[in-house]
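Me: I'd like to go through the side-chain contacts in this model. Can you walk me through them?

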Amino acid sequence: IRHEAKANEAHLNAEKICHVLYPGDESSEGKILRLKQQYTLCSASLQDIISRFESRAGDSLNWEDFPSKVAVQMNDTHPTLCIPELMRILMDIKGLSWNEAWSITERTVAYTNHTVLPEALEKWSLDIMQKLLPRHVEIIETIDEKLMNNIVSKYGTADISLLKQKLKDMRILDNVDLPASVAKLFIKPKEKTGKLLVQSLESIAEGDEKTESQEEENILSETAEKKGGSDSEEAPDAEKEDPVYELDPFAKYDPQLPRVVRMANLCVVGGHSVNGVAEIHSEIVKQDVFNSFYEMWPTKFQNKTNGVTPRRWIRFCNPELSAIISKWIGSDDWILNTDKLAGLKKFADDEDLQSEWRTAKRNNKMKVVSLIRDKTGYVVSPDAMFDVQVKRIHEYKRQLLNILGIVYRYKKMKEMSAKDRIKSFVPRVCIFGGKAFATYVQAKRIVKFITDVAATVNYDPDVGDLLKVVFVPDYNVSVAEKLIPASELSQHISTAGMEASGTSNMKFAMNGCILIGTLDGANVEIREEVGEENFFLFGAHAPEIAGLRQERAEGKFVPDPRFEEVKEYVRSGVFGTSNYDELMGSLEGNEGYGRADYFLVGKDFPSYIECQQKVDEAYRDQKLWTRMSILNTAGSPKFSSDRTIHEYAKDIWDISPVIMP
């Protein structure tokens with residue numbers, strides 16, 4: 001019975017690891033569970049890969065063949081532990097040397113970066129990792145030390161401040177004592193004379209500040225010689241004291257700060273390739289996020305613009321439009337060869353195609369009318385423009401900008417007569433959808449605000465069908481498969497430089513939806529492909545963002561009166577009794593956490609609402625709008641995942657297509 005109980009307990013503990021995906025990591029328990037999940041998935045995958053490799057190799061097993069048979073693509077930093085895990089397996093289980101294991105690992109592993117957000121570039125507590133994965137920490141420490149030696153070799157010691165900056169940027173272990181071999185470079189003269197204490201790594205780790213090792217004495221001796229003196233030389237001035245040195249605080253652990261493992265840096269160091277997922281994103285990766293690594297290994301960095309599969313995102317979810325495309329192109333070859341979608345361009349002004357196109361769009365909109373009624377109880381008109389923003393709820397994606405634009409629109413409607421209202425505004429159904437991380441409080445505030453606005457606007461008889469606001473609950477891929485074919489305007493309005501790529505923008509364009517957006521992520525390339533005149537552009541550009549934030553910090557930003565007007569309207573109580581001070585407060589002030597409008601909603605607001613007026617003007621001309629819609633579909637071939645995977649295979653995995661007999 002005791003053995004059965006122990007076995008059952010072990011089984012339950014194992015199940016806990018994978019019972020909840022993406023556990024909240026606010027608590028130490030959540031962090032530990034997430035690390036266990038990451039390691040379990042990495043280790044299980046690698047063990048399976050290695051087992052298959054060995055089985056297929058049979059008696060001719062040669063570990064040097066491993067990188068030519070296996071490619072491990074780390075999709076963001078979550079699978080980073082596969083680097084030390086592969087090293088551990090190769091060395092501790094398969095008996096390879098460090099150099100052999102490192103060469104194989106580096107040639108096998110590659111890294112795709114999906115974000116420039118600092119909080120998403122994972123940093124794991126060294127203490128937690130030491131407790132759970134002590135062998136992996138040993139391996140990471142060795143990788144880190146070898147990296148630092150490479151940095152010293154490249155930059156030398158002539159400019160010690162430059163070297164310090166490079167080590168600070170590139171180290172894998174942050175706020176961890178430098179190894180003695182590197183620490184000796186950061187000995188500096190002490191201002192006051194007295195007994196010099198320079199600790200070894202071992203003594204620092206043990207917290208013994210009184211130990212002075214032989215290695216430290218060697219460091220001191222070497223330093224004295226470099227400074228122009230040694231014990232054997234006679235002092236030119238008998239009264240002059242011997243020079244005294246101390247270790248730069250940079251080289252030592254600061255107990256006031258956490259010791260962390262920077263997983264993104266480990267990915268860059270451990271992989272043979274680093275890629276971003278859109279052209280603008282890959283440039284930001286090279287010039288900003290990993291600039292020091294790019295300087296050291298420029299050929300390691302490349303771009304692989306994301307893609308989506310036309311089988312699911314046109315053929316499956318939009319069969320009526322698919323039939324129209326096949327009819328006008330002359331075949332359904334476009335499903336496997338999306339380049340053929342470009343054949344629609346020559347028919348963009350054809351009245352028969354435009355009529356069929358509009359009919360398909362309306363039929364898809366009718367399905368969404370039913371979806372909205374079933375899920376929310378709201379009744380919306382299929383004759384209104386369907387304006388959609390569906391994506392993860394995050395401040396940088398700026399759902400707040402969208403809803404404030406809607407509030408401004410609503411306020412202006414309320415100020416007009418019924419006749420002027422109808423003349424000034426195109427009817428719209430503004431649809432939101434998306435999930436937020438469990439502990440992301442500001443995202444939840446935004447969702448609450450959207451639903452509060454909806455509850456007021458949707459029951460206002462003054463505006464009627466001119467404006468409806470809907471937050472679709474429980475958003476998922478199945479909901480997306482209905483919303484995307486029905487959408488007419490889609491919002492991709494992130495702060496420029498903060499969205500890596502986005503893929504929903506590609507799905508919307510494929511389905512003939514026109515985008516309003518900033519020059520961010522894959523928007524840049526979509527606009528190039530579909531034509532500037534078929535994309536509604538607004539907002540600051542990525543190179544301006546840092547300067548605009550600095551302007552804000554210096555108190556020089558002057559908000560547009562329309563932005564102040566809409567904030568005041570929100571605070572007036574028109575949307576109920578909820579307190580929006582935290583939400584509106586995030587857009588105010590010049591500094592402080594959760595303040596100072598970090599995502600530049602206020603800066604881009606005037607440009608955004610002016611661009612929305614252009615959207616209304618274009619939508620009134622349905623012939624023009626339908627032409628734009630057709631050209632969006634015709635301009636989307638580049639964004640097929642077939643193209644993306646082909647590029648990964650050719651440029652990163654070094655594999656060729658199999659020629660079928």
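**Contacts and salt bridges**

Reply: Leaving aside residues up to four places away in sequence, Asn-318 touches Asn-364, Pro-485 and Asn-511, where contact means heavy atoms within 4.5 Å. This is a predicted model, in which local features need pLDDT of at least 70 and side-chain atom pairs count only at pLDDT 80 or more, while totals for chains, interfaces and linings use all residues. Residues are numbered from 1 along each chain as its sequence is written, and side-chain values use heavy atoms, with hydrogens and water left out.

Me: Where does Asn-318 lie?

Reply: Asn-318 is in the loop between α15 (310-316) and α16 (319-329). Helices (H or I, at least four residues) and strands (E, at least two) are DSSP runs, numbered from the N terminus.

Me: Is Asn-318 buried or exposed?

Reply: Asn-318 counts as buried, at 1% relative accessibility. Buried means under 20% relative accessible area, exposed over 50%, and partly exposed in between (1.4 Å probe, protein chains only).

Me: Which side chain makes a polar contact with Asn-318?

Reply: The side chain of Asn-511, at 2.9 Å. A polar contact is a pair of N or O atoms within 3.5 Å; within protein, one must be able to donate a hydrogen and the other to accept it, and residues adjacent in sequence count only if both atoms are side-chain atoms.

Me: Switching to charges. How many salt bridges?

Reply: A salt bridge is a side-chain nitrogen of Lys or Arg within 4 Å of a carboxyl oxygen of Asp or Glu. By this rule the count is 43 salt bridges.

Me: What is the N to O distance for Lys-365 and Glu-488?

Reply: Their side chains form a salt bridge at 2.7 Å, N to O. That pair links distant parts of the chain, 123 residues apart: Lys-365 is in helix α17 (residues 351-376), and Glu-488 is in the loop between α21 (477-486) and β13 (489-492). Lys-365 is buried at 4% relative accessible area, and Glu-488 is buried at 6%.

Me: What about Arg-562, which residue does it pair with?

Reply: Arg-562 forms a salt bridge with Glu-610, with the closest N and O atoms 2.9 Å apart. Arg-562 lies in helix α25 (residues 561-571) and Glu-610 in helix α27 (residues 601-620), so the pair ties together parts 48 residues apart in sequence. Arg-562 is partly exposed, at 22% relative accessible area, and Glu-610 is partly exposed at 35%.

Me: Which residues are linked in a network of salt bridges?

Reply: Glu-564, Lys-567, Arg-571, Asp-581 and Glu-588.
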